Amino acid sequence: MYKVVFVLGPPGSGKGTICAQIQENLGYVHLSAGDLLRAEREREGSQFGALIENHIRNGSIVPVEITCSLLEIAMIAREDANGFLIDGFPRNEDNLAGWKRQMGEKVNEQFVLFLSCPVDVCIDRCLHRGQGRTDDNVDSLKKRVDTYNQSTFPIIEHFEKLGMVREVNSERPVNEVYADVVKVFAAANQQ
Ligand SMILES: Nc1ncnc2c1ncn2[C@@H]1O[C@H](COP(=O)(O)OP(=O)(O)O)[C@@H](O)[C@H]1O
Ligand SMILES: Nc1ccn([C@@H]2O[C@H](COP(=O)(O)OP(=O)(O)O)[C@@H](O)[C@H]2O)c(=O)n1
Ligand SMILES: [Mg+2]
């Protein structure tokens, strides 16, 4: 069984930043669904490049069969891992249903780390992220925030009802956010 922590929050809430630090210090392997999709988009011979780029620019969600397979392949490649941080997934009902079908029997879901941050702060961070992403522009960001509110927040609520959500306010400086996140992991791993 793979041990899994889902990391969710609006675009720019700091998911990638915090996951990198947890990977470095706690030995979980960081798998960003967005990074895996961008790598697949660039892969020579991929049938999905154009489809993925359309979704990314539109801030809409790629069909789960593609994303979940990329995640599973990446997990199989790191079977030695202590656990996995699944960053930016599941982002809608389709993601959640597909994950349950494909991975439900193979994983132990520890908790959901929810990085909460006001949308205006998140948008500002994305506009200054400096990674040259095709979706860090005002038009795409509006759509990404809509998708977050309409499709992703209900998934967080679903996990909340199951008692699985650990919310950390990520509007604060990274070191303060990280300190609280470490406490969440420490508590979860004591059980
Ligand atoms: N707590 C924070 N305070 C200020 N800036 C942050 C914080 N966390 C992340 N950032 C910056 O905001 C941008 C988005 O962070 P990132 O980790 O890529 O977020 P996400 O993966 O949730 O979109 C990056 O430029 C990052 O350096
Ligand atoms: N589960 C996912 C995650 C990302 N994506 C796509 O990839 C884009 C970028 O996701 P990301 O996680 O890298 O974005 P951030 O929240 O890190 O800013 C999303 O807006 C979607 O178009 C997806 O389709 N399905
Ligand atoms: Mg990210």
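**Helix α1 and the residue K15**

Q: Leaving aside its neighbours within four places in sequence, which residues is K15 in contact with?
A: Keep in mind that this is a predicted model. K15 itself lies in helix α1. Once you skip its neighbours within four places in sequence, the contacts of K15 are V7, G9, D87, G88 and L115.

Q: Is K15 buried or exposed?
A: Let's count: K15 has 24 other C-beta atoms within 10 Å. The cut-off for buried is 20 or more. So K15 comes out as buried.

Q: What about R129: is it buried, exposed or partly exposed?
A: R129 sits in the loop between α6 and α7, and the UniProt annotation "binding site" (unreviewed entry) covers both R129 and K15. R129 has 13 other C-beta atoms within 10 Å. Buried needs 20 or more and exposed needs 12 or fewer, so R129 is partly exposed.

Q: How are α1 and α8 oriented to each other?
A: Two packed helices are described by the angle between their axes and the distance between the axes. Here the axes of α1 and α8 come within 10 Å and cross at roughly 55°. Roughly parallel would need an angle under 35 degrees, and roughly perpendicular would need 65 to 115. The two helices, α1 and α8, are therefore oblique.

Methods: Residues are numbered from 1 along each chain as its sequence is written. Chains are lettered from A and ligands numbered from 1 in the order in which they are written. This is a predicted model: local features need pLDDT of at least 70, side-chain atom pairs count only at pLDDT 80 or more; totals for chains, interfaces and linings use all residues. Axes are lines fitted to C-alpha atoms, for helices over the stretch in contact, and angles run from 0 to 180 degrees between N-to-C directions. Helices (H or I, at least four residues) and strands (E, at least two) are DSSP runs, numbered from the N terminus. Angles under 35 degrees count as roughly parallel, over 145 as roughly antiparallel, 65 to 115 as roughly perpendicular and the rest as oblique. UniProt positions are given in the numbering used here, feature names are shortened, and annotations may be inferred rather than shown by experiment. Two residues are in contact if their C-beta atoms, placed from the backbone, lie within 7 Å.
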